[in-house]
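Please look over the sequence and the structure below. A short report on the packing follows them.

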Amino acid sequence: MFTTPARLFRVLAIAEAITWTLLIGALIGRAVGLPPVLVTVAGSIHGFVFLSYGATAVLLAFHQRWGVGVAILAIASAIVPYATIPAEIWLHRSGRLVGDWRLTQTDDPRDATWYDRTMRWFLHRPWVLALLIVVAVAALFAVLLLIGPPGGSSH
């Protein structure tokens, strides 16, 4: 399914934009009298996908060896509604999503770093990596739920 870094990033960028639509629709619905629980549900879905997109952007920043500025831009694009789509297009067109998963060490000295070795270990075990990311996102999501929604309670 996610045979390349570009494919994974595109799916999450589109999913993040779709969940913005859900959230904005729910907010409009609440404003016109629909049950406020719609915002809670849409916000929860959006929040989980938002965090998953962020985790994916971090993973790809390391994997694709983006500079700090590019990584921050990719992550921050999730904050602005629908900005993940033009961010993904720009990353693709600028060649920052080119290539397959780096599963073997090359002569590049950067391949010898501890985080590249760790990343290759996880990439050889994609289900372990996916489980780790889901657990990390779920834990962060739970903490954020305890803190409360952005902007405070809707009641």
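The report covers the model, the annotated region, the aromatic pairs, the cores, and a few single residues.

## Model and conventions

This is a predicted model; local features need pLDDT of at least 70, side-chain atom pairs count only at pLDDT 80 or more, and totals for chains, interfaces and linings use all residues. Residues are numbered from 1 along each chain as its sequence is written, and side-chain values use heavy atoms, without hydrogens and water.

## Annotated region

An unreviewed UniProt entry carries the annotation "domain: DUF3817" for residues 7-93. Such positions are given in the numbering used here, feature names are shortened, and annotations may be inferred rather than shown by experiment. Over residues 7-93 the chain is 82% helix and 0% strand. The end C-alpha atoms of that stretch are 14 Å apart. Helices (H or I, at least four residues) and strands (E, at least two) are DSSP runs, numbered from the N terminus.

## Aromatic pairs

Rings of Phe, Tyr and Trp (its six-membered ring) pair if their centres lie within 6.5 Å. Planes under 30 degrees apart count as stacked, over 60 as edge-to-face, and the rest as tilted. The count by this rule is six aromatic pairs. In one of them, the ring centres of Phe 9 and Trp 66 are 6.0 Å apart and the planes stand at 85°, so the pair is edge-to-face. Phe 9 lies in helix α1 (residues 5-31) and Trp 66 in the loop between α2 (37-63) and α3 (68-76), so the pair ties together parts 57 residues apart in sequence. Phe 9 and Trp 66 are both buried. Buried means under 20% relative accessible area, exposed over 50%, and partly exposed in between (1.4 Å probe, protein chains only).

Ring pairs also link Phe 9, Tyr 53 and Trp 66 into a cluster.

## Nonpolar cores

A nonpolar core is a set of buried Ala, Val, Leu, Ile, Met, Phe, Trp, Tyr and Cys residues joined through side-chain atoms within 4.5 Å. The largest has 22 residues. Phe 9, Leu 59, Leu 60, Trp 66, Leu 91 and Leu 97 touch the most other members. Two or more residues come from each of α1, α2, α3 and α5 (114-123). Another core, of five residues, lies apart from it; Trp 20, Leu 23, Val 39 and Ala 42 are among them.

## Helix α4

Thr 84, Ala 87, Glu 88 and Leu 91 are buried in helix α4 (residues 84-93). They cover an arc of only 100° around the axis, which puts them on the same side of α4. The arc is that of the directions from the helix axis to the C-beta atoms. The buried residues of α4 pack against α1, α2 and α3. Just after α4, Gly 95 has a positive phi of about 80°.

## Two loop residues

Gln 64 sits in the loop between α2 and α3. Gln 64 is buried, at 16% relative accessible area. Its side chain reaches the backbone oxygen of Arg 96 at 3.2 Å.

Tyr 82 is in the loop between α3 and α4. At 36% relative accessibility, Tyr 82 is partly exposed. What joins the side chains of Tyr 82 and Thr 21? A polar contact of 2.8 Å does. A polar contact is a pair of N or O atoms within 3.5 Å; within protein, one must be able to donate a hydrogen and the other to accept it, and residues adjacent in sequence count only if both atoms are side-chain atoms.

Definitions and conventions:
Contact = heavy atoms within 4.5 Å.
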